[in-house]
Structures are given as structure tokens and as C-alpha cells.
Amino acid sequence: MEQLPDEVKVQILSYLPLLDLCQVALVSRLWNYLAQDHSLWRYLSIKCGTHDATLGRIIEKHPFITHFKYVNNNKITEAGLARVFVQCGPTLSHLFLDACDLLSSDLISAIVEYCVSLSHLDISSNTCVDDVTICQLATCQSLNSLDISNCDRVTDGGLEVLITQRPLRKLLASYLLDVRVRTIENLVAFCSLTLHTLHLDGGNLCDEDVAKIGQITSLRELEIQYCDEITDVGVIALSRLSHLSIIRLYRCFNLTSCSVSEIAMKCSYLNQLVLSDCSEIDDRGLLSVGRHCSYLEKLGLAQSYNHTVTDVGLSAVLLGCGRLTELILKGLKGVRTFISLIPGLVRTFISLIPGLVRTFISLIPGLVRTFISLIPG
């Protein structure tokens, strides 16, 4: 270990949790010096048991934090949290305050004023977040990614102000019952060339609304919760987004294999496809997925009512999707045996062998050098 360069030692230390890093700093002067490297403190996650004083000492020594995550902690006060925004604001780019018991309008004002480099903000599951909060955030010049899922006081009005002022790349707005078609129209008008990820509550959406999402040409990831009223017509309209890599639709009671086949044919770069509670989908849709979606890594078909998907459809997926690593089949009554998984698993394993061999060969020179350096000892 002593013979390793300092850069390598710092890289090893980067895998340690915060508390372990503090313990390492007590070992010796050398390890204390290495543990103080600013690159190790760019990602700070505050958990239970941390006091204002401890947090204050950390940000005084390491003011260049870029990612900060707060977990509800009764020993941190609102003033202590505000101090993070004041001292680390110039470098903070990602801020995670989901279900934060301290979040208030004053803290939001501090974020807007001091976090001038903020690009991603997660304030999901906060009851205090409303349209006024969203309007405040619209003035953050660097903000392009926002998670407001489960903030049920947010409406189309607040989002309209945000969307018309900020070129968003990511908007996570699941479980927002008052977000309707007006928000989609604004996204099409102002973010059709920038929006990369969109999560919505589909409880108030119909096929016509979903078809409008198909006009957001930059979209790569789409998730819609509660797709009760959405049918094949709306989903087929999404197939014009040929570069979609992730589609997740939940409670799709009205979807059939017709829309699945169309998505599979037109969106051949799909990486993830999750269709929950799609009781009308059968083997025909999966045959099309296996035939066209060679890049697919995750397929989710968790459902309680489907008896029409069988081993035949799943075998086609496993044989055609050689990169598949995650398969969710909860509730599928027609899948009788695990035998159908074997061909795909074998094919996936075989496809990994060349990469493993190349990795091993690339490690040989380093292992040889390390062995030679140890010979004198």
C-alpha cells in the first residue's frame, strides 16, 4: 500500500462512507492528508446523528461540495442546513431534499439566492411545496432538472411559469393530480428540443394528451403512472419518438399487443420497457419485442390479471434480447416453468466472455509490474 501513488490511494478512499473516511484520517499524518482531499468530499450525504456543529466543520474544511443529500435528522436545524447553501452554494450542482422535514420558503429563497450553479433539485414528497415555490425556482438560472413527485399542491399554473422560463432537461412530476394537459402543451412549446426525461401522473390524461408528448423530439425517458384512460391510440403515437430508450407505463388496463408491437418496431433502441397491469397483452407483443429490441436490458410485466403471456412469448424475448439483465414477471399465470429462461441466460453469459477475457488481458501488465516491484522486498 505504501508504494502506491497518492492518486491511487485517494481513489481507494473515495469508496469509503463519510464516517469511515473520518476514522481513516485519525490513522496517521499521511492518511489525514489524503483524507482531506477535496475530491473525496464532493458528494456529501448527511444521515442521522449529525449535529449542526459537525456539519459546519465539514463544510468549512470542504466548501467545494457539488452533491448534497439530506436525510431527515432531528439534530440538524434549519439554520444549519441554510449554512450549507450559503457556504457551498457556488459549487453545489445537485441537491437532494426529498421528504425534508426542514424545508420552508426561507430555505427555498436561500437556495435560489446562493446556489448559482444548481442544475438538479429534488424536493419530492414535501407538503410545503406549492406553486409559489415553483415560481421561486423559475429564477434559478442553472436549474434544468427538477423532481417534484408527490408534491400535491403543485398545479399547471406553477409549472407554466417554470417551463416558460427554464429550458428543462428533466421533469419528474409523478403523483401530481392537478397537472394536466396544459403542462404538456407548455413542454411541447418550450422544451421540445431540451427535455430528456419526463415522469407524469396519467390520471387526468387521455390519448390525445399522450399523443402530444410524441412531439417532444428530444425525449429519451418517459414514465406515466395511472394510465387507466390511455389506450393503444395514445401509445402508438409515442412510437414517432424513435430514440426513446426507456418507457414505463403503470396500470395500462387498455393496452394490447398492437401498441407493444408498434413501439418495439419503431423504438428499436429501447433499453427498458415496463408495462404494469397490462391485462390485454399476449405473446404477440413479446414476439415483436424479441424480434426488434436487441438493446433491451430490462423488461417488466408485473401484473395481476394476465393469463395470456406464456413461455412462448418469454422465450422469444430471451432469445432475441441478448443484453437482457432484468426480467420482472410477477403475477404472470401463463409462465409455467423456468426452463424457458435458460437459452437467454446462456446466450447472455456467452456474450460476456469476450469482454471478461479482454478485461483480464488488460490487467496483466499492471499485475506484472506490481509483482516485479515487490521482488526486492
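Reader: In which helix does Q11 lie?

Author: This model is predicted. Q11 is partly exposed, with a relative accessible area of 43%. The residue belongs to residues 6-13, which form helix α1.

Reader: What distance separates the C-alpha atoms of Q11 and L34?

Author: Along the chain, Q11 and L34 are 23 residues apart.

Reader: How many helices and strands does the protein have?

Author: The protein has 377 residues, and 47% of them count as buried. Its accessible surface comes to about 18,500 Å², with 59% of that area belonging to carbon and sulfur atoms. The secondary structure consists of 15 helices and twelve strands.

Reader: What share of the contacts with a separation of 6 or more comes from residues 24 or more positions apart?

Author: The contacts considered here are those in the protein with a sequence separation of 6 or more. Within that set, residues 24 or more positions apart account for 72%.

Reader: Which residues are in contact with I213, leaving aside its neighbours within four places in sequence?

Author: I213 is among the residues with the most contacts inside the largest nonpolar core. With its neighbours within four places in sequence left aside, its contacts are I184, L198, L200, L219, L222, I224, L238 and L241.

Reader: Are α4 and α5 roughly parallel or roughly antiparallel to each other?

Author: Helix α4, residues 52-61, packs with α5 at an angle of about 5°, and their axes are 10 Å apart. The contact involves D52, L55, G56, I59 and E60 of α4 together with G80, R83, V84, Q87 and C88 of α5. By class, these residues are four nonpolar, three polar and three charged. Angles under 35 degrees count as roughly parallel, and α4 and α5 are therefore roughly parallel.

Reader: How far apart in space are Q87 and E60, C-alpha to C-alpha?

Author: Q87 lies in helix α5 and counts as partly exposed at 31% relative accessibility. Leaving aside neighbours within four places in sequence, Q87 is in contact with I59, E60 and P63. Q87 and E60 are 27 residues apart in sequence, yet their C-alpha to C-alpha distance is 7.8 Å.

Reader: At what angle do α8 and α9 pack?

Author: Helix α8 covers residues 156-165 and helix α9 covers residues 181-190, with their axes 9 Å apart. In α8, D156, G157, L159, E160, I163 and T164 meet V181, R182, T183, N186, L187 and F190 of α9. The contact has five nonpolar, four polar and three charged residues. The two helices are roughly parallel, and the angle is about 5°.

Reader: Against which elements do the buried residues of α9 pack?

Author: The buried residues of α9 are T183, I184, N186, L187 and V188. They pack against α8, β6, β7 (197-201) and α10 (207-213).

Reader: Which elements do the buried residues of α13 pack against?

Author: Helix α13 spans residues 283-292, and its buried residues include D283, G285, L286, S288, V289 and G290. The buried residues of α13 pack against α12, β10 (272-276), β11 (298-300) and α14 (311-320).

Reader: Is N126 buried or exposed?

Author: N126 is placed in the loop between β4 (120-122) and α7 (131-137). Leaving aside neighbours within four places in sequence, N126 is in contact with L97, D98, A99, C100, L103 and C151. Buried means under 20% relative accessible area. At 3% relative accessibility, N126 therefore counts as buried.

Reader: What is the phi of Y175?

Author: Y175 is found in the loop between β6 (170-173) and α9. The residue is partly exposed, with a relative accessible area of 35%. Its phi is positive in a residue other than glycine, near 65°.

Reader: What is the phi of R251?

Author: R251 lies in the loop between β9 (246-250) and α12 (257-266). With a relative accessible area of 31%, R251 is partly exposed. R251 is a residue other than glycine with a positive phi, near 60°.

Terms used
Residues numbered from 1 in each chain as written. Predicted model: local features only at pLDDT ≥ 70, side-chain atom pairs only at ≥ 80, totals over all residues. Heavy atoms only, no water. Axes fitted to C-alpha atoms, helices over the stretch in contact; angles between N-to-C directions. Helix = DSSP H or I, 4+ residues; strand = E, 2+ residues; numbered from the N terminus. Parallel < 35°, antiparallel > 145°, perpendicular 65-115°, else oblique. Contact = heavy atoms within 4.5 Å. Nonpolar A, V, L, I, M, F, W, Y, C, P; charged D, E, K, R; others polar. Buried < 20%, exposed > 50% of the residue type's maximum accessible area, 1.4 Å probe, protein only. Areas by Shrake-Rupley, 256 points an atom, 1.4 Å probe, with all protein chains shown as cover. Core = buried A, V, L, I, M, F, W, Y, C linked by side-chain atoms within 4.5 Å.
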